[in-house]
Amino acid sequence: MKIDGKSYRTIWFDNNIVKIIDQTKLPHQFIIKNLKTSKDAINAIKTMEVRGAPLIGATAAYGLVLSIIEKNDLSFLKKSSEDLIASRPTAINLKWAIDRMMKKLLGVNSNEILKIALEEAKLITEEDISFCENIGLNGLKIIEKIAEKKKDTVNILTHCNAGWLATIDWGTATSPIYHAHKKGIKVHVWVDETRPRNQGANLTSYELNEEGVPNTIIADNTGGILMQRGQVDMCIVGTDRTLSNGDVCNKIGTYLKALAAKDNNIPFYVALPSSTIDWKIKDHKKIPIEERNSEELSHIEGLDKDNKLKKVLIYPQKSKVMNLAFDVTPGKYVTGLITEKGVCDASEQGLKELFK
Ligand code: MRU
């Protein structure tokens, strides 16, 4: 997708260096950063210079490529893979990508290992792009139906950033929106600000603006009244881990939006590539929910009057703060899962029918 009219992907490999867009600086500064070692990749994931389930999976895959460039040694590779998996716990794509890479690399001759690692990391990114494109085409049909019935602008609410910045291109939740917009269907997006890190305001609204998709940022607590007033036609969100029973783990606050949508009979869809499905866990209590630094809540960053980035404390200095990054929406509140293979029920049977 485009920034300032120029097409980008979120990650690419150039001359033994992995290039990323530093998402901690968006929307105020557009900075391309170089990752040269597996430690750089780990740090980029931890500090959320790259974020979003599919993108951290791809970064981890390239992290292994960097590890081989640094030191072509099996025990070093294994240690890098463990450290990469531990860099963020909730999104399953990270483990999925590392497991897939290691399966390809174990037992491979050291003369060939770099070539094979690079091919597999590239394949992971190319596959993600095509999965996200198909998610868009499958989700487009849902938006088209609503547009045909309503004969007016379709208002879509989304939470966090499950846009192209969270993937390699297209996004998951945003892909049906981009496809609808390109087809000339009138869409407008309600963008949840998504405290504490404001991925909605800083990233989703930013990328929709760059693509010319009408959108409005709202405070996280505004969705409920908009739904009661009939100003939301559907919700589409992303996910960091969808369980085999259809329960959906996503950015903190997703659950509350799903409850409000259910109460107002508004379709609530979750868009995901199959790399985000955790086939092993059925009990959501077993998902490791990331708890991040309290500073993400107690401090806020923005431009000061001289256009300089500045971080300020907004809470009482003595207050205790808790910063859980994700919550779980039971499948019963999800209207459907939009995947690269089609749309299914958010249930064990729905997923099995589509994928097995
Ligand atoms: O903490 P983040 O910004 O990595 O969280 C991102 C989300 O919750 C997204 O909705 C999810 O990763 C899906 S991205 C297609």
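A: This is a predicted model.

Q: Which residue of β8 is the bridge partner of Val-191?
A: Ile-217 is that partner.

Q: In what order do the strands of the open sheet stand?
A: The order is β8-β7-β6-β9-β12-β17-β18, 7 strands with mixed pairing. At the edges are β8 (215–218) and β18 (342–344); each has a single partner strand, so one side of each lacks a neighbour in the sheet. From one strand to the next, the twist averages 25 degrees.

Q: Which strands does helix α6 touch?
A: Helix α6, residues 174–182, packs on the sheet and touches β6 (154–158), β7 and β9 (234–237). Its direction makes about 155 degrees with that of β7. Helix α11 (residues 348–355) lies across β17 (336–339) and β18, and runs at about 155 degrees to β18.

Q: Now the helix. Why do residues three or four places apart point the same way?
A: Because an α-helix has 3.6 residues a turn. In α3, the buried residues are Leu-77, Ser-80, Ser-81 and Leu-84. Viewed down the axis of α3, the buried residues fall within an arc of 100 degrees, so they line one face.

Q: What do the buried residues of α3 pack against?
A: They pack against α1 (38–46), α2 (53–70), α4 (92–105) and α5 (113–150).

Q: Which exposed residues does the face turned away from the buried side of α3 carry?
A: That face carries Ser-75, Glu-82 and Ala-86.

Definitions and conventions
Residues are numbered from 1 along each chain as its sequence is written. This is a predicted model: local features need pLDDT of at least 70, side-chain atom pairs count only at pLDDT 80 or more; totals for chains, interfaces and linings use all residues. Side-chain values use heavy atoms; hydrogens and water are left out. Two strands pair if DSSP finds at least two bridges between them. Helices (H or I, at least four residues) and strands (E, at least two) are DSSP runs, numbered from the N terminus. Axes are lines fitted to C-alpha atoms, for helices over the stretch in contact, and angles run from 0 to 180 degrees between N-to-C directions. Contact means heavy atoms within 4.5 Å. Buried means under 20% relative accessible area, exposed over 50%, partly exposed in between (1.4 Å probe, protein chains only). The arc is that of the directions from the helix axis to the C-beta atoms.
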